[in-house]
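Dear colleague,

My notes on what was found in it follow directly after.

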Amino acid sequence: MSFGWKAPLIYMLLYMLAPFVFFPASVLSLTAGITYGLWPGMLFIWVGAVGAASTGYLIGSFLGTKIASLRHFEITDRLQKQVATQGFLFVLTLRLIPLMGFGLLSYLSGWLDIRFRTYITATMIGILPGTFAYVTVGASLDSGNPWLIAAAVSFAACFFGIMYKYRDKVRTWIGFEDKE
């Protein structure tokens with residue numbers, strides 16, 4: 001905060017770099033809630049995450065052309081078929097129920113040639129619930145209000161519980177494991 005008006009810009013830049021240095025975005029998201037509150041914090045996280053997702057996609061797209069021989073693995077062929085018909089749903093589902101890290105999905109989406117507009121739209125929508133959960137917990141911790149903290153933690157627990165409940169179904173739908 002001592003950087004004044006530059007602080008949000010620095011924060012968003014750090015958020016954009018987090019997936020590339022393997023720093024947990026959850027820590028940055030909680031920090032945004034504590035530092036900026038619910039609304040500005042949500043906006044700053046969202047902008048930073050969309051920037052990180054865009055950069056990761058471009059890197060994945062570039063590397064995908066360089067490592068095209070890897071596309072002949074069975075899992076890659078299954079994923080190619082999946083995203084060819086349902087790219088938006090693929091990205092949206094994995095943003096809502098993350099079976100892999102944020103950065104890895106960005107790289108994979110570029111590598112699998114999901115249209116950028118499809119990918120970024122699904123990402124922009126798919127990150128909203130998680131972003132809201134983290135920033136709400138952070139903002140409630142800053143408030144010190146025990147009722148607000150309990151409500152925020154309850155919301156986050158419900159959200160993460162739903163993610164946990166559906167992870168196996170999503171894993172099967174995407175083709176990460178054989179259907180039984």
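I begin with Gly48, which has its place in helix 3, residues 38–66. Please bear in mind throughout that this is a predicted model. Gly48 has a relative accessible area of 0% and is therefore buried, the cut-off for that class being under 20%. Leaving out residues up to four places away in sequence, Gly48 touches Met12, Tyr15 and Met16. Leu17 is 31 residues from Gly48 in sequence, and their C-alpha atoms are 8.6 Å apart in space.

The nonpolar core

The largest nonpolar core has 41 residues. Within this core, the residues with the most contacts are Tyr11, Phe90, Leu94, Leu108 and Tyr119. At least two core residues are supplied by each of helix 1 (6–17), helix 2 (25–36), helix 3, helix 4 (74–96), helix 5 (102–111), helix 6 (116–126), helix 7 (128–143) and helix 8 (146–174). Helix 3 gives the largest share of the core, with seven residues.

Tyr11 deserves a separate look. When neighbours within four places in sequence are set aside, Tyr11 is in contact with Leu28, Ser29, Ala32, Tyr36, Phe44 and Ile45. Tyr11 also belongs to a cluster linked by ring pairs, together with Tyr15, Tyr36 and Phe44.

A surface patch

On the surface, Phe3, Ile10 and Leu14 form a nonpolar patch. Together these three residues have about 280 Å² of accessible area. Leu14 lies in helix 1. Leu14 counts as partly exposed because its relative accessibility is 47%, between the limits of 20% and 50%.

Aromatic pairs

How many aromatic pairs does the count come to? There are nine aromatic pairs. In one of them, Phe116 and Tyr119 are tilted, with 6.3 Å from centre to centre and 45° between the planes. Both residues lie in helix 6, three residues apart, which is about one turn of the helix. The two partners fall into separate accessibility classes: Phe116, at 35% relative accessibility, is partly exposed, whereas Tyr119, at 0%, is buried.

Another pair is formed by Phe132 and Phe155. Their ring centres are 5.2 Å apart and their planes stand at 85°, so this pair is edge-to-face. This pair links distant parts of the chain, with Phe132 in helix 7 and Phe155 in helix 8, 23 residues apart. Phe132 is partly exposed, at a relative accessible area of 31%, and Phe155 is also partly exposed, at 33%.

Two loop positions

Asp113 is placed in the loop between helix 5 and helix 6. The phi angle of Asp113 is near 65°, a positive value in a residue other than glycine. Most residues other than glycine have a negative phi. At 46% relative accessibility, Asp113 counts as partly exposed.

Ile127 has its place in the loop between helix 6 and helix 7. Is this residue buried or exposed? Ile127 counts as buried because its relative accessibility is 8%, and the class takes in values under 20%. Apart from neighbours within four places in sequence, Ile127 is in contact with Trp46, Ala49, Val50, Arg95 and Phe102. Ser29 is 98 residues from Ile127 along the chain, and 12 Å separates their C-alpha atoms.

The salt bridge

Side chains of opposite charge can pair when their charged atoms come close. A search of the whole structure finds one salt bridge. Asp168 forms a salt bridge with Arg171, and their closest N and O atoms are 2.6 Å apart. Both Asp168 and Arg171 lie in helix 8, three residues apart, or about one turn of the helix. Asp168 counts as partly exposed at 36% relative accessibility, and Arg171 counts as partly exposed at 23%.

Yours sincerely

Key: Residues are numbered from 1 along each chain as its sequence is written. This is a predicted model: local features need pLDDT of at least 70, side-chain atom pairs count only at pLDDT 80 or more; totals for chains, interfaces and linings use all residues. Side-chain values use heavy atoms; hydrogens and water are left out. Helices (H or I, at least four residues) and strands (E, at least two) are DSSP runs, numbered from the N terminus. Buried means under 20% relative accessible area, exposed over 50%, partly exposed in between (1.4 Å probe, protein chains only). Contact means heavy atoms within 4.5 Å. A nonpolar core is a set of buried Ala, Val, Leu, Ile, Met, Phe, Trp, Tyr and Cys residues joined through side-chain atoms within 4.5 Å. Patches are made of residues with over 30% relative accessible area and no salt bridge: like charges are joined within 9 Å, nonpolar side chains (Val, Leu, Ile, Met, Phe, Trp, Tyr) within 5 Å. Accessible areas come from the Shrake-Rupley method with a 1.4 Å probe; for residues, only the protein chains shown count as cover. A salt bridge is a side-chain nitrogen of Lys or Arg within 4 Å of a carboxyl oxygen of Asp or Glu. Rings of Phe, Tyr and Trp (its six-membered ring) pair if their centres lie within 6.5 Å; planes under 30 degrees apart count as stacked, over 60 as edge-to-face and the rest as tilted.
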